[in-house]
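Please look through the two chains below before reading on. The paragraphs that follow go from secondary structure to cores, then to the contact between the chains and to a sheet.

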Amino acid sequence: MAVFRWGSPLDAFRDMEREMDRVLRSVNQAFEGLRIGRPYPPVNVYERPEEYLITAELPGVRTEDLELSVANGQLVMRGQRVEPGELPPERYRRSERQHGQWERALPLPERVQEELLTADFINGVLTIHLPKAPSAQPRQIPISESAQ
Amino acid sequence: MIRELEPQVPSLAAAVPPPPPERFVCTPPIDIFDNGEGLVLRADLPGVSGDTLELQVQDNKLTLFGRVAEQAPVDAHLVHQEYRVGDYLRSFILSEDVDHERISAKLVNGVLEVTLPRAPQPEPRRIQVKTQ
């Protein structure tokens, strides 16, 4: 029985990757989105006629532990989640929620008025409003006819 | 003292009105710890407010169902997605020693905290053994 097929030696790795994905998916639904290596927090970006919206779910983060800054076309989000009344690990029956510090930098879309950025934080959902800069009028380019 | 219920339980449909099928339902991450007087359960439910959270104890089953509001206005269209917005559903079986009458809950910044105090244990009663 051939273990590897000569034509595509990477098939075995692909199979293994697929199998690993399947196993990881079935481990626990609760860990969805928290796999190692993904930037935290995950964000969604929406476009509206007048603005862009960036949303992130940050449950349990206090407003004073959240910091947003804009520089050089980058939006930097920084924060931490502190658990009230930290207990020794043996008191825990389940521990699925993540704690600690995080930081994420996002490139801003073009033509955003950086100085007019606003954000609100309601029920653990952060929404950042990025107003679009008034778009430049299309400029007509004259075409000159040159004699042959 | 607390045991998680599998999500596919037919009787759950009676306890909580099922969400319309097009809505995405997810399992929120939780912590459960013993604070000495009972158990405390914390669940991350971002986007859920006090009005949209249903917490039920029926018989010995604790069910939490949180409905989330849309995170963006109707005229917004998604251009980049890293997470899905969905309602939260999870249920647990409580053991006999939870004092159902004193269960309390609070929701702060999208985190639900449910306190499940232990029922006071009755004093051990000495039984006289008669001998003949």
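Helices (H or I, at least four residues) and strands (E, at least two) are DSSP runs, numbered from the N terminus. On that basis chain B has one helix and 10 strands, in the sequence pattern β-α-β-β-β-β-β-β-β-β-β. The model is predicted, so local features need pLDDT of at least 70 and side-chain atom pairs count only at pLDDT 80 or more, while totals for chains, interfaces and linings use all residues. Residues are numbered from 1 along each chain as its sequence is written, and chains are lettered from A and ligands numbered from 1 in the order in which they are written.

A residue is called buried if 20 or more other C-beta atoms lie within 10 Å of its own, exposed if 12 or fewer, and partly exposed in between, with C-beta atoms placed from the backbone. Of the 132 residues in chain B, 25% are buried. Two residues are in contact if their C-beta atoms, placed from the backbone, lie within 7 Å. Among contacts in chain B between residues at least 6 apart in sequence, 62% join residues at least 24 apart.

A nonpolar core is a set of buried Ala, Val, Leu, Ile, Met, Phe, Trp, Tyr and Cys residues joined through C-beta atoms within 7 Å. The largest has 19 residues, of which L41(B), A43(B), Y88(B) and L112(B) touch the most other members. Two or more residues each come from strand 3 (30-34), strand 4 (38-44), strand 6 (61-66), strand 8 (87-94) and strand 10 (111-117) of chain B. Strand 10 of chain B contributes the most, four residues. Beyond its neighbours within four places in sequence, L41(B) is in contact with I30(B), I32(B), V114(B) and L116(B). A second, separate core holds 12 residues, including V43(A), V125(A), L126(A) and I128(A).

Between the chains, 31 residues of chain B are in contact with 32 residues of chain A. Strand 3, strand 4 and strand 7 (77-81) of chain B each supply at least two residues of the chain B side. Two strands pair if DSSP finds at least two bridges between them; strand 1 (residues 43-47) of chain A and strand 7 of chain B do so in the antiparallel sense over four bridges. Here Y46(A) has L78(B) as its bridge partner.

Chain A also has an open sheet of three strands in the order 3-4-6, with antiparallel pairing. Strand 3 (66-71) and strand 6 (100-107) of chain A are at the edges with a single partner strand each, so one side of each is left without a neighbour in the sheet. Strand 4 (residues 74-81) of chain A is joined to strand 6 of chain A by eight bridges, and G79(A) stands opposite W102(A) in strand 6 of chain A.
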